Amino acid sequence: MLLAAILAASTLASCGGDGGAKNDTDPTDMTTSSGGDEETSSGESDDTTIAPLEKRDLGGRTINAFIRTEWDYEFVTDEETAGDTVSDAIHERNRAVEDKYNCKLNFIEQKGDWSSHAEFTNTIHNSVLAGDGEYDFIAGYQAVLVMNILNGDLMNIYDVPNIEPDAPWWTQEGVDALTYNGKCFEIGGDITVSMLEGINCIFYNKKLAEDFSSPDFYQLVRDGKWTHDKMLEVTKGIYQDLDGDGKESDGDQFGFAAGKYYVRPFVVNYDTPTISKDGKLIWNNEHTINVVDKIVDFASSPDVRYADDNDTDATKIFTDGRALLFENSLGIASKLREMNDDFGIIPIPKFDEEQAGYKTTTKNNVSMICVPITANDLDVSGFVLEAMCRESTDTVAKAFYETALKGKYARDEESLEMINLIRSSLTFDFGWVASMATDVSGAQYQNMVEAKDKNFSSWYAAHEATIQEKTDRFLASFE
């Protein structure tokens, strides 16, 4: 009876007051939500979100990690970055792991951006072939590590002792999306900054929103009415030829601005899965056709600008106060701090109100964690990775979301609420992440937008045999 009374009182309290009250969930409490209208916290205290690992002395052992030079800031700190909040948190994370478990973290760097991706994956493969056990774990390019999956270089994460893929410090929806036949070979989480800063979202200019009598974007999101059609509606009629050259150019004013590569994430954003959990190609269907139709029409509007320079030109349009909406990733907020106009942050819209919830994904170059099959001691590899990711939740992730992103850049309480929602809606598409192996490519959405071509089914029919053959070969890696 006492329990019932407490629950009843709790229910009444939660139902009272403003129906549009903000969600106060701590953004460092990652959830298992797929992007619905409600979030659930991990249930940990405000002071710490990590559960203690077993006490262990690794005897001063050196842990060798293979990382990309261009993203070494995720793991390596130096005097030049001292005083930067996130870098300090990374340093704190590393020292905490080393001190608690008596080990030494050693990061081995090699160029691994797109222009060097083949060399990076070949280094991993050659190490496995040599059986040298040089690397205890790897942080690599999400979309490129698939080649090492094909080569059989990587451990099934579920077979690595001590890693808890369903824990909130790992990206749970991502783990589920990248799991096939009970196997997952790459995993993301708080351990890598690129995963935190690479989450796609939309920024909006508050001054232009007021000038053009835009609706309350935050309330649209809360009500589940922030959809593609609503985005099309609010961006109409905003275009102006500000530079007077008589044509649409980056010097003009737009309702929407983004780099051209930001068409690709609509594979995930608008819920068009490509490969089913039983290995069937399901990309070519009526919903995908409708999505392509809508995004091609949207991009063809004079109010919409997909800039050729993926970030620089579109960012300048927005920071100059010449775009109502700006699609990019959360990390770009650091480049908006000098912007004169106030801005807000909201999720990518749903395709329509029937979509189960808001969805977002990341840039394909974010870092994923994997373990080579030749790691000297899988138990130690898994233990150190789990320790680093847990520690990152209370150091790196907290610094990024609360101190850096929230404290410096986000300019209102509602944006903080939206950041919580955006983070909880992060997921991936299995086929697209593996596009180098499957030919299931988000780039096709971009190609069709640039060509103003809506005929997805015809394109798919012409390429289906190749996609099927490559997908079958890739899925065989999971057998």
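Modeller: A crossing is called right-handed if the near helix is turned clockwise from the far one by less than a right angle, and left-handed if the turn is anticlockwise. In this predicted model, the crossing of helix 11 and helix 18 is right-handed. Helix 11 covers residues 286-300 and helix 18 covers residues 443-451; their axes come within 9 Å and cross at roughly 45 degrees. Helix 11 is therefore oblique to helix 18, since angles under 35 degrees are what count as roughly parallel. On the side of helix 11, the contact is made by Thr288, Val291, Val292, Ile295, Val296 and Ala299, and on the side of helix 18 by Tyr445, Met448 and Val449. These residues divide into 8 nonpolar, 1 polar and no charged.

The next pair joins helix 13 (residues 378-394) to helix 14, with axes that come within 3 Å and cross at roughly 25 degrees. That angle makes helix 13 roughly parallel to helix 14. Here, too, the crossing is right-handed. Ser392, Thr393 and Asp394 of helix 13 make the contact with Val396, Ala397 and Lys398 of helix 14. By type, the residues of this contact comprise 2 nonpolar, 2 polar and 2 charged.

Helix 14 (residues 396-409) also packs against helix 15 (residues 413-424): the two axes come within 11 Å and cross at roughly 145 degrees. Helix 14 passes helix 15 in a right-handed crossing. From helix 14, Ala397, Tyr401, Leu405 and Lys406 meet Leu416, Ile419, Asn420 and Arg423 of helix 15. This contact divides into 5 nonpolar, 1 polar and 2 charged residues.

The side chains of Arg61 and Asp377 meet in a salt bridge, with an N to O distance of 3.7 Å. Arg61 lies in strand 1 (residues 61-68) and Asp377 in the loop between strand 9 (367-370) and helix 13, so the pair ties together parts that are 316 residues apart in sequence. The structure holds 24 salt bridges, this one among them.

As to confidence, the chain averages a pLDDT of 88, and 88% of the residues score at least 70. Over residues 1-46, however, pLDDT stays under 50, and for this stretch the model has 71 contacts beyond four places in sequence.

Methods:
Residues numbered from 1 in each chain as written. Predicted model: local features only at pLDDT ≥ 70, side-chain atom pairs only at ≥ 80, totals over all residues. Heavy atoms only, no water. Axes fitted to C-alpha atoms, helices over the stretch in contact; angles between N-to-C directions. Helix = DSSP H or I, 4+ residues; strand = E, 2+ residues; numbered from the N terminus. Contact = heavy atoms within 4.5 Å. Nonpolar A, V, L, I, M, F, W, Y, C, P; charged D, E, K, R; others polar. Parallel < 35°, antiparallel > 145°, perpendicular 65-115°, else oblique. pLDDT = per-residue confidence, 0-100. Salt bridge = Lys/Arg side-chain N within 4 Å of Asp/Glu carboxyl O.
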